[in-house]
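Hi everyone, thanks for coming. Have a look at the sequence and the structure on the screen, and then I'll walk you through a few spots inside it.

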Amino acid sequence: MNDYAGQHEVVSENMTSQITAELTRFVQELKQERKSHFHDGRKAQQNIETFWKQLEASKRRFERDCKEADRAQQYFEKMDADINVTKADVEKARQQAQTRHQMAEDSKGEYSSILQKFNHEQREHYHTHIPNIFQKIQEMEERRIVRIGECMKTYAEVDRQVIPIIGKCLDGITKAAESIDQKNDSQLVIEAFKSGFEPPGDIDFEDFTQPMKRTVSESSLSNSRWDGKSEPKPGSKSKGKLWPFIKKNKSPKQQKEPLSHRFNEFMTSKPKIHCFRSLKRGGGGPEDFSNLPPEQRRKKLQQKVDELNKDIQKEMDQRDALTKMKDVYIKNPQMGDAASVDHKLAELGQNMEKLRLEAQKFEGWLAEVEGRLPVRTEQTRRQSGMYDTQNTSAVNNCAQDRESPDGSYTEEQSQESEMKVPVTEFDDEFDDEEPLPTIGTCKALYTFEGQNEGTISVTEGEMLYVIEEDKGDGWTRIRRNEDEEGYVPTSYVEVYLDKNAKGAMTYI
């Protein structure tokens, strides 16, 4: 696709240099030429109009002089026929008539001369000047049309030069599309978002056929109570007590959830997958890889710390080499100027300082992640596998035979009664459990219907107490009063943890 786009850029550049620039210059020349032709046309029109005005003026003057000559002649004849008029008045009228006749003759000659000039100019205007102007405009338009054809031909040549390469690019696009491996793409998603935890091991067989020699196995649920105290499971209740014996609300991540809740939690708490291309390139994501599961995040942070340490070592090697070179220059000035190395040494020192600060930052994140990750022994893996996989059909079938409605294991307790082992110690211990202290408050951003066991319903805008923060599973444990507590999705509430609480941090 990049090569395909590059060929279009080549076409654009060639069109700009070979067509657009030439056409811009040519259009400017045509504008000037067209302007000149229109100016000549207006000038010729003004010239013919001037001759026409002169002709009209001479014609009116000739007409006026002729009328005055006729009136003077009529006046002379009247005076000459009147016997009462003196001879001097008759002579005066005769001279006046002769003068008017002379003026009429002069006007006639002038009118005739101007008329001939106008006719000549009119013939030149309509048969020579105007046709020449239109001919020039026509030639200009023809040259414009020829230039357009040349530009189209040039474009065709420019496009023809890249057609073979574009064909190869299209063939490459087709080949790349045909080589898409959906299995590999889905595997990339799995590798990017897998938890990194190993599945639990097999549960040992417990032999109950010999009551006198029976010993509690390491994987039995009753013994898990003591192991849970020494190695608490993340997200479990205080003192590491296991949920099968708890009569209070259970963690919703140990219950089956409706598909709508799972989808809502996935959209609110999991990072979105935009495309496989981002996975191949490493993706966007936060700098501290907080969008990854704990184990994946630890691996990424460890990898980043190792890379920064390698970069620091490389910078130190360069600094040592330059330091030795500087010592050589100091001892032998003819080999080089020692001061020329100082700038590079200072630059290396700054780079090393930046890398050290960066490494310290990632090491801090790594220490935080390693502090949160549990020590997963074989026993905890078994317990995790036992309780976390109760959503599968096989385990559900088994659990239906052993689990009572309140969450206890009836079969095992009945066997314990036959062995005269007191079972009330667990109930008494959990009934007397002290309530967890509040570590902050929270405000419900949305209404949540807690339909599963272990969840609690909240309404938008409601203020509640936080007793257990999100352990990375997307759930926060809250309390409304002494008798109502449970889990809600972390994305549904805005949490304000107390600064004095241990490990408290404010987040949304």
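**Who touches whom**

Okay, let's start with valine 466. Leaving aside residues up to four places away in sequence, valine 466 touches Pro437, Thr438, Ile439, Gly440, Thr441, Cys442, Thr476, Arg477, Ile478, Val495 and Leu497. Before I go on, keep in mind that this is a predicted model.

Now zoom out to the core. The largest nonpolar core has 16 residues, and the ones touching the most other members are Cys442, Phe448, Val458, Val466, Ile478, Val488 and Val495. Strands S1, S2, S3 (475-479), S4 and S5 each put in at least two residues. Which strand gives the most to this core? That's S5, with three residues. There's also a second, separate core of 10 residues, and Leu308, Leu355, Trp365 and Val369 are among them.

Is threonine 476 buried or exposed? Its relative accessible area is 0%, so threonine 476 is buried. Its side chain also makes a polar contact of 2.9 Å with the side chain of threonine 490.

A pair of aromatic rings is described by how far apart the centres are and by the angle between the planes. The count here comes to six aromatic pairs. Take phenylalanine 362 and tryptophan 365: the ring centres are 5.2 Å apart and the planes sit at 85°, and since over 60 degrees counts as edge-to-face, that's what this pair is. Phenylalanine 362 and tryptophan 365 are three residues apart in helix H8 (residues 342-372), so about one helical turn separates them. Both phenylalanine 362 and tryptophan 365 are buried.

Another pair is phenylalanine 448 with tyrosine 492: centres 5.5 Å apart, planes at 75°, so edge-to-face again. Phenylalanine 448 is in the loop between strand S1 (440-444) and strand S2 (463-468), while tyrosine 492 is in the loop between strand S4 (485-489) and strand S5 (493-497), so the pair ties together parts 44 residues apart in sequence. Phenylalanine 448 is at 4% relative accessibility, so it counts as buried, and tyrosine 492, with 15% relative accessible area, is buried as well. These two belong to one aromatic cluster formed by Tyr446, Phe448, Trp475 and Tyr492.

Last one: arginine 147 lies over the face of phenylalanine 26, 4.4 Å from the ring centre. That's my tour, thanks!

Definitions and conventions: Residues are numbered from 1 along each chain as its sequence is written. This is a predicted model: local features need pLDDT of at least 70, side-chain atom pairs count only at pLDDT 80 or more; totals for chains, interfaces and linings use all residues. Side-chain values use heavy atoms; hydrogens and water are left out. Rings of Phe, Tyr and Trp (its six-membered ring) pair if their centres lie within 6.5 Å; planes under 30 degrees apart count as stacked, over 60 as edge-to-face and the rest as tilted. Helices (H or I, at least four residues) and strands (E, at least two) are DSSP runs, numbered from the N terminus. Buried means under 20% relative accessible area, exposed over 50%, partly exposed in between (1.4 Å probe, protein chains only). A charge sits over a ring if NZ of Lys or CZ of Arg is within 6 Å of the ring centre and within 35 degrees of the ring normal. A nonpolar core is a set of buried Ala, Val, Leu, Ile, Met, Phe, Trp, Tyr and Cys residues joined through side-chain atoms within 4.5 Å. Contact means heavy atoms within 4.5 Å. A polar contact is a pair of N or O atoms within 3.5 Å; within protein, one must be able to donate a hydrogen and the other to accept it, and residues adjacent in sequence count only if both atoms are side-chain atoms.
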